[in-house]
Amino acid sequence: MRSDQAGITDLLAEWREGDRRAENELAEHLYPVLRGLVGVQLRRAPSGLTLSATELVNEAYIRLEQQREVEWRNRGHFFAIAATVVRRVVIDYLRERSAEKRGAGAIGLRWEDVPSGEQPAVGDQIDWLALDQALTRLQELDAESARVVELRLFGGLSNESIAEVMSSSVATVGRQWRFARTWLAEQMDLSLDGS
Amino acid sequence: MDPEAFRTLRALFDEAMQEPPEARMQWISSRADLDAATVAELRRLLLREAGNDALPEGLPVSLLAAALKVEASPDAPIPACVGRFVLAEEIGRGGMGCVYRGVREDGGVRQEAAVKILRTDLRQRRALERFLVERELLARLDHPGIARLLDSGETGDGTPFVAMELVRGLGLIEYCASRHLGVVERVILFRQVVAAVSHAHKALVVHRDIKPSNVMVDGEGRVRLLDFGIAKPLANDVAATATADRFFTPAYAPPEQLIGAPITVACDVYSLGALLYELLCGRPPFELKDKRAAEIERLILVTPPRPMAQAFSSLDESRRLELAGRDVRPWRRQLSGELESIVQRALRKEPDSRYASADAMDEDLVNWLEHRPVRAAGAGRLYRLRKFLRRNAIATAAVVIVAASIGVAFALVLRETIAANRERDRAREALSVLGEAFVSADPTGLSGGDISARNILDAASRRISEHVDGKPDVYAELAEKVADVQLALGVVDVDDTGVMRALEWAGREAGQENLAWRLSLLQARRLVARHAFPDAEAALLRLERQKPGDPLVLLARGKFWVARGEPAEAIPFLTRAVAALPRETDDIERIDAHWQLAEAQRQKPDPAAAMSTLQSLLGGLEPVVGANHATVLLTRLRSVNVLLDLKRVDEAISEAQTVSPRIESLYGRTSSVSAQAWSTLALALVRAQRYGESLEPYRKAAQSFAESLGENHVATARSYFNLALMQNYVDPSDPSSAEGFRKAIAGASIARNPADPLVTFFRIEYAKSLIARGEKGVAREVLLPEGVMPDLAGAGPDIARVFRGQIEAVFGSLDCPKSGREPDLGTFEGRARELYCNRPTVDDAPT
């Protein structure tokens, strides 16, 4: 087993060179950090009221940087890896919650981040569990489009950054996103109506 | 789905996208090679795409934003008419859908309506239910203060709609601003909102989202409550509403709404409180802008809103003028009285301790408008009295006994009416004993009116005001007494109407000339103490015309000049006052005159003269009252400062070492006087560079301030800071100074505000000590705490420069982006960059 400090830096380098295995290992390192952060947030807000992907990833970034003195030369890369982990953390959390609250259905986990100058809006809920399921189906059918969605939604990356991270073009990413969002919405709606 | 079919679909979708939007459906039909299932599926996707009905763009964050605010979709079809209304332009958007202006022509009668149509993409069960609930609730309500339901039904494609009375006018806050309404007028207008809410409650409807934008005022000044979009029927089964969906505006939401606890009418009472708060002082109870989620939670769940007068004072000059016009001071004063009690009562964290209903709140507003005692203020009175006495009166056993009897006497005064003369005498006596108790607990007036003393006095003057008609003589005398005690305590920022009313009565009543004179003098002194210089000047001129050589007028005039920092003007008046005041050596006014004269002489600066003034006072005083009398000790304490001015440091130290323990044994440890004595000693030791020895007195000072004025008083914070600074100076490697720094920052953040320059200054010194010990990570949190942007502009260039220097020490040099990109204030780096880069001139740059 590698020591954490050397491990993460090396892994990051390997991953940048296209080694998917390194990405998975990195994600394993990230998971407990993010999970811990979610835990802190939840202890502060027992209702599970507020959780922001951007905030979460930012804090993880700072924490890793601080604790392990890893220099992430490219924030985009970090966010890309973090995206998958954020998705897992959130979905795990939601599953546990809904297991606790028997029959509570879709539990509102509010993703909110306050753009400066605007009051935070607390409210509408998105059925993240349904989205996760639909996204998993999409992964099987069209892994690349699914990854685009993951990076946008859970990593907060722009199309430009996604194109860079995925070694693709902005136009392709744009097409993939346009299709995926439409297809996912259709899938989610169907399951809603069907229930 | 079959992967093969998916690939086909995916390719066709992309292909269709190449076609112009309006030609896409046509294009599908032209593809004869496709099977029916694929065509159907593709059609659905394209429809969704065209209707902007896909997963919204962007982050999860903006997903939410988009869910709340419908993206502008110009091609979304708007039905030409719904129900009996012809739709005109769009007039608003909400989380649930768009609102259009609708017009109905019916037999020559033209009616306008706000027609709200549910967003098509929200035609899912939950949103639909909510919409239908609103419709049903609105049908239950019929009140002039609530926008009426005119019609409801479904549009041609089955989307539900409601048509509401269209209110043309301004939002509540804009309306008040446009009409320049004063505090009283605002309260009167606000009662209409309360009435509307009360009606809804009686119809078993809780609004749950009362906020400024949901209250409109029409041209005739009639208030209308809008948007019952998230209203709930009050269910018998409370648990059912407990975990219901949340969809509200946090700035006006009570704690129970945030944590998903059961919602009752108390929820609306809270929001009414929040609305009134903003209406009166120009800010919502909590500023949530730029705050992080955790911080917002803490504010709403734990932190009590700061007093309205304070919030009002913290507005920009221009905002304050906009709100209050030229009457900034009276406005502020009105906020600090019983209105504050009413608002705070409505804003309590626990639903049970708020007003039980909107009506109960209204009753208190009426009480306030009619100058009757409000109930909110009365509720905690005895509790506060007890608390005050407990905190202040434990100096010696003797004081405890006195305090207990005061407690009883005062409670009686408060509870019973003061009908008979016997009772008046009792009241007068109780007040003067009580006054003495207050004043001896804090003769420095440093606390600016300890909050509990202030409340008790407020309560007293309220009680007294009940007798203004029946027993004006009792009223006037007691009003004078209360004002006198207030002045002695340094409580000067209070409502003047009591004194003015008493003065008015005494002024026209034969035989009451003395009382009238005392009252006008009191009022003038109060204005001086309040630093209301133009008014004070006018009041003093009137007094001087009446009795030019009166020693008390001379004293007041002298204090006026001292307060204005004009020692040369002050000294002649004070010298005459000293000479003219009665010869009784222990007369408090005469002692005060000496103290003031010495203060003016120090200001001049002429410390030698100040010294001789204090010495001559002591020479007369000590043989009469004894060496351990409070006045002697306090005079000697003043002389310590003069000795320091004279650079006679060793004498100052030995004097302070003698006096401080005696003051502590006289006043007790929990007294701000003892605290002042100890900090004077510490200061003298620091001047002598005996830093190590200064720690002990600094520690005692901090402790006494904390126990007498509370942890969150500026004086307490300063003394913690001094202690920490000295600890760190004596031994920079010792981390124990951190405690003092932390307490100083926390206390001053509450006493002032977290961005205040004083707090920033504390942060800088703390960070320096941390950096010196190699704790950069902690220093970063200290300099750039979550949710706080230090006010560097207000702190002046020196503090700003040092602050930026510290940021550099923590982060290394930061590069400042040239573009106007908004920094992310949620991160340390973002905040650092904002503060570091956003400087007024290049000259400020740390080199």
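1. Start with the largest nonpolar core: it has 60 residues, and B:Phe190, B:Val193, B:Leu272 and B:Leu339 touch the most other members. (A nonpolar core here is a set of buried Ala, Val, Leu, Ile, Met, Phe, Trp, Tyr and Cys residues joined through side-chain atoms within 4.5 Å; buried means under 20% relative accessible area, with a 1.4 Å probe and protein chains only.) Helix H10 (residues 265-281) of chain B gives the most, 10 residues. Domain 2 (65-165) and domain 3 (169-379) of chain B both contribute, so the core lies between them; domain bounds come from an automatic or database domain assignment.

2. Keep in mind that this is a predicted model, where local features need pLDDT of at least 70 and side-chain atom pairs count only at pLDDT 80 or more, while totals for chains, interfaces and linings use all residues. Residues are numbered from 1 along each chain as its sequence is written, chains are lettered from A in the order written, and side-chain values use heavy atoms, without hydrogens and water.

3. Look at B:Val193 next. Leaving aside neighbours within four places in sequence, B:Val193 is in contact (heavy atoms within 4.5 Å) with B:Leu172, B:Val215, B:Val223, B:Leu272 and B:Leu275.

4. There's also an open sheet of 3 strands in chain B, ordered E7-E9-E10 with antiparallel pairing (strands are DSSP runs of E, at least two residues; two pair if DSSP finds at least two bridges between them). Its edge strands are E7 (169-171) and E10 (223-225) of chain B.

5. On confidence, chain B averages a pLDDT of 76 (the predictor's confidence in each residue, from 0 to 100). Residues 378-424 of chain B stay under 50.

Conventions: Helix = DSSP H or I, 4+ residues; strand = E, 2+ residues; numbered from the N terminus. Buried < 20%, exposed > 50% of the residue type's maximum accessible area, 1.4 Å probe, protein only.
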